[in-house]
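Me: I am new to this structure and would like to learn how to read it. Please take one feature at a time.

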Amino acid sequence: MVTEVERLAGQLVDLARTGIDVSDFGNGPRPGGLRRMDAAGGWFYFLVAPRAPLITVVRIMPPFDAL
């Protein structure tokens, strides 16, 4: 799970470095703010730093059957 989250966060950072606005990727009520993205049957929450190729992973939720 952690490896998949690291891979996806790395891809988001790579996209941000190319100039793509990643603040509306994943699920959330509006662009920017706290976002949620599926990963390996679970999901993770992240924040996108404005004007910087930085993704802050806030919480990782494993699949329910793993809890």
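Me: Which residue forms a salt bridge with R17?

Reply: A salt bridge is a side-chain nitrogen of Lys or Arg within 4 Å of a carboxyl oxygen of Asp or Glu. Here D14 is the partner of R17, with the closest N and O atoms 3.5 Å apart. This is a predicted model, where local features need pLDDT of at least 70, side-chain atom pairs count only at pLDDT 80 or more, and totals for chains, interfaces and linings use all residues. Residues are numbered from 1 along each chain as its sequence is written, and side-chain values use heavy atoms, leaving out hydrogens and water.

Me: How many salt bridges does a search of the whole structure find?

Reply: The search finds 2. One of them joins the side chains of E4 and R7, at 2.7 Å from N to O.

Me: Why are E4 and R7 separated by about one helical turn?

Reply: An α-helix has 3.6 residues a turn, so residues three or four places apart point the same way. E4 and R7 are 3 residues apart in helix α1, and therefore about one turn apart. Helices are DSSP runs of H or I, at least four residues, and strands are runs of E, at least two, both numbered from the N terminus.

Me: Is R17 buried or exposed?

Reply: Buried means under 20% relative accessible area, exposed over 50%, and partly exposed in between (1.4 Å probe, protein chains only). R17 is exposed at 59%, whereas D14 is partly exposed at 44%.

Me: Which residues of α1 are buried?

Reply: They are V5, L8, A9, L12 and V13. These pack against β1 (35–39), β2 (42–48) and β3, where contact means heavy atoms within 4.5 Å.
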